[in-house]
Amino acid sequence: MNTSEPSASPSFDFASIEKKWQKKWGAEHLFEVDAQEGKPKYFVNFPYPYINSYLHLGHAFSATRVDVMARYKRAQGFNVLFPQGWHCTGTPVWAAAQRLREKEPKQTAIMKSLGFSDDEIEKFSDVEHWIDTFVPAAQEDFSRIGASVDWRRSFITTSLNPPYDRFIAWQFRKLKEKGYLVKGKHPVVWCPKDQMPVGDHDRLEGEGETPQEFSLLKFAFGDDFLIAATLRPETVFGQTNFWVNPDVQYMRIKVKNERWIVSYECAQKLLEQDWQIEFLDPVPGSELVGKYCKAPLINREIIILPASFVDPRFGTGLVTSVPSDAPYDYIALLDLQKDTETLKLYGLDSKVISAIHPIPIIESKTYGDLPALRIIEQLKIKNQQDPRLEQATQTIYKEGFYSGKLKAACGTYAGMSVVLAKDKMKVDMAAAGLLEPFYELSGKVTCRCLTPCAVKVVSDQWFLNYGDKTWKDLVKKCLSKMNLYPELVRQQFNYVVDWLNAWACTHHHGTGTKLPWDEHWVIESLSDSTIYMAYYTIAHLIKDYPVEKIDDSFFDYIFFGKGTGDAEMQRMRKEFLYWYPFDVRSSAKDLIQNHLSFCLFNHVAIFPEEHWPKGFSVNGWLLVGGEKMSKSKGNFFTIRDMLEKYPADALRAGLMFGGEGLDDPNFDFTNAETVQQKLEQWYSFVQDYYHPSSDEKELNRSDKIFVSAIHRYLKEGTEAMELMNFRSGFDRLFFQMQRVLKEYLKRGEPNQAVVNYFIECQIPLLSPFCPHLAEELWEKIGKKGFVSFASWPASDPSKIDLKLEETEKVVDKTVSDVMNVLKLVKEKSGKEGQTIYLYVMPQELSFFDAAVMTRRVGKEVKVFAVNDKNKHDPEGKAAKAKPGKPGIFIS
RNA sequence: GCGGGGAUGCCGGAGUGGUCAAACGGGCUUGGCUUAGGACCAAGUGGCUUAGUGCUUGCGCAGGUUCGAAUCCUGUUCCCCGCACCA
């Protein structure tokens, strides 16, 4: 092997370069930063990941965005803080550990797929083992992709970290003091045996099912009320009759001062839902048939009829009939009208029954004004036992709810959209005492103890009252002053802030911090992660502070400057004041409607205005190969998987080049591979071309074009970086830069000083994206210190010469014309052209260089001004010359 | 339905009133180099035409404004995300 030629070994070992520099950064504590008087700071962060597994490529995307920003700002001269903590609060890990304790096969299989041995899996039945495993793994992954994190400030959440635990307790006491926490009723899925709420993970069946809000409607029936439950109170104007199951024994119960008739099962549910009731006597369903009751709101007497589809276990076991919009009701009516036997059995007058017709009440786009009829015809449903009725009901519900408008039959509500009318009618009927809320599960849920679950209304649930108007106004004020990247998410944020309502912020179980004044509650995970960015400012110091001395007055001092503090506390106060607020927090767009908005609400509630967040950056969801990452599609990748395939620098750049803005970025394998190749080429190029030289030759035309382009892309790229448009940034600062370099070299005879200058620019520009390679090259060209701290090259507007670059386009075009003509000559005459004569306008002579043209065309090129008397022009081609378009003659 | 974002070549995507057949990246075709592959270099990649510098088509669909529109306006179709108490 010839070692004297650097280009003889163009490929090199990315892995060892990465290790080398990660080690050096660590050894020099490069990214461990403290408050530094007089130096401007920049604080970036992103939501701490939940540590229930290895981090995936989506995390890498988010982390890289933040790291690129951190490195860019560092190059801009800022003292940059990029801390990283880990979120352990919540139920998933807690539940998974419990499942492993119970040796559940599904969870065990998941652990196996992550590569854990049976012995190891057993250890995961302890929550702490998850933390001990995945937190170091996550930190390792971050380090391996080159994230410039100050690891001293890393921490975990929950009571496992007492100082943090106390911080959250402090936060909640503050919120309570200020009246932002309210107590209220809240429906949960409940196991009557365990006397506990049942989360998704505790269910044998019914994952994803939630309490659904129904309305109980009251139908006056003598001195009693028949109660029907409905999801569609807006359809009351279409009521034609009432359904009862004649085979069911109903119960008369006392509720408040009223007597209700409902099924026995319903009465049980009412008890769970916090109603005070008293059982009176049974009422056989058959006795009700044929009688009349008064429908609420419309005050119409409607007949009570028998129907077999009525299920005592669902709702109240009584149903109001709206045949126009409810397929069940319509088909039951048809069934009954044909069923002379039943009519006879209950002594029902067939004339009366036949006279019952659906009343058109809602006009919907696709199903017209009698949707139930329409859909039953479409699906050819024959009777009330058909299972497709369920699907038909849902289809119509969705259609009617979203696109429906109330028709004239609906009295004062006519003309309103269903969306609006529904709420209005609920409010009106509730005010009239005709409607009560009721919850029913959206599907069957069975607890792991095999007990069927029901809805329980918890009466002492704590809420963060995000519906509060004055609180919202503060958030809007904060928002109006924030930098948002991209700016167009502002609309979305304003919308969300308006729409957010009271948020249940406590859970019965899971890991986390206990609600300090009501310790049977655990603070829920989205609620304990709203202002912790402030905790980063002191996280490294508080670790060494005596836990017992950390109380509310401690935090009051650190964050508000209230009271006095010892030397350590003063230092923490200083750190907080220096770093806070954060400058930008970056996240995927799905967190807009919860986490990011909560972050603002809690900041404005707790902190004075000078510590309100300054910026959010929002990005799309990372796609891999154009598709959502998913295990079932086989395109789910952890960071560690990817680092096996690609060098960290290629991975980072590939991710950043995948996309920007709100669109979903796409990580494409070919992109990462391309980047890797280009980086390798760049590495050899620098080795081959960088030669320190004191030779200051005057810049020629070609040099000036090159320098102009450098400064132009530098300007464009820097602007993109400021807006966190890293795709554009990488494009301008690397791909375009490399392109103009290539063009420059093509023009021949590069000026060593200019090439050196280019290399000295390109390396720091590459550094935010590909920090390892950049460090290596920085060292290779003999620069002192780390490129991580090198200054960002400044664009010099005086060097940008657009006119000059424009003239080069003319030359390019001419070259391509010449090539074209050469080709045609060969095709037509079979002869190779030997010499090319160019006739250009005199003023253009200065940028047509015969040597350059000869080099680029590969044949001898002679250049003349059109008016040159000595020109060689046998065919008068010179006459064709125009500004920007030389005449061409080939011999 | 509401709120938000979109629709440009074979693909990912630039481009927001003229100089844009359309950056950059990928793919593909041809040629060079090479034992071969990869890499690299060169040319090509809507249609037509041509010893060139030309014409034409086109930016979801339909209209409109303008001397001129992918870009502005109106209508319309389709796609994606969210609509919650779950991290």
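Visitor: Which residues of α28 are buried?
Guide: In this predicted model, the buried residues of helix α28 are A753, V754, V755, N756, F758, I759, C761, Q762, I763, P764, L765 and L766. Buried means under 20% relative accessible area, with exposed over 50% and partly exposed in between, using a 1.4 Å probe and protein chains only. Helices are DSSP runs of H or I, at least four residues, and strands are runs of E, at least two, numbered from the N terminus.

Visitor: What do they pack against?
Guide: They pack against α25 (669-689), α26 (701-722), α27 (726-746) and α29, where contact means heavy atoms within 4.5 Å. Twelve of the 15 residues of α28 are buried, so the helix is largely enclosed by the rest of the structure.

Visitor: What about E775, is it buried or exposed?
Guide: E775, in helix α29 (residues 771-780), is buried yet has no salt bridge. A salt bridge needs a side-chain nitrogen of Lys or Arg within 4 Å of a carboxyl oxygen of Asp or Glu. The nearest side chain of opposite charge, R71, is 5.4 Å away; Lys and Arg count as positive, Asp and Glu as negative, and His and the chain ends are not counted.

Visitor: Which residues does E775 touch?
Guide: Leaving aside neighbours within four places in sequence, E775 is in contact with W21, W25, F786, V787 and S788.

Note on methods:
Residues numbered from 1 in each chain as written. Chains lettered and ligands numbered in written order. Predicted model: local features only at pLDDT ≥ 70, side-chain atom pairs only at ≥ 80, totals over all residues. Heavy atoms only, no water.
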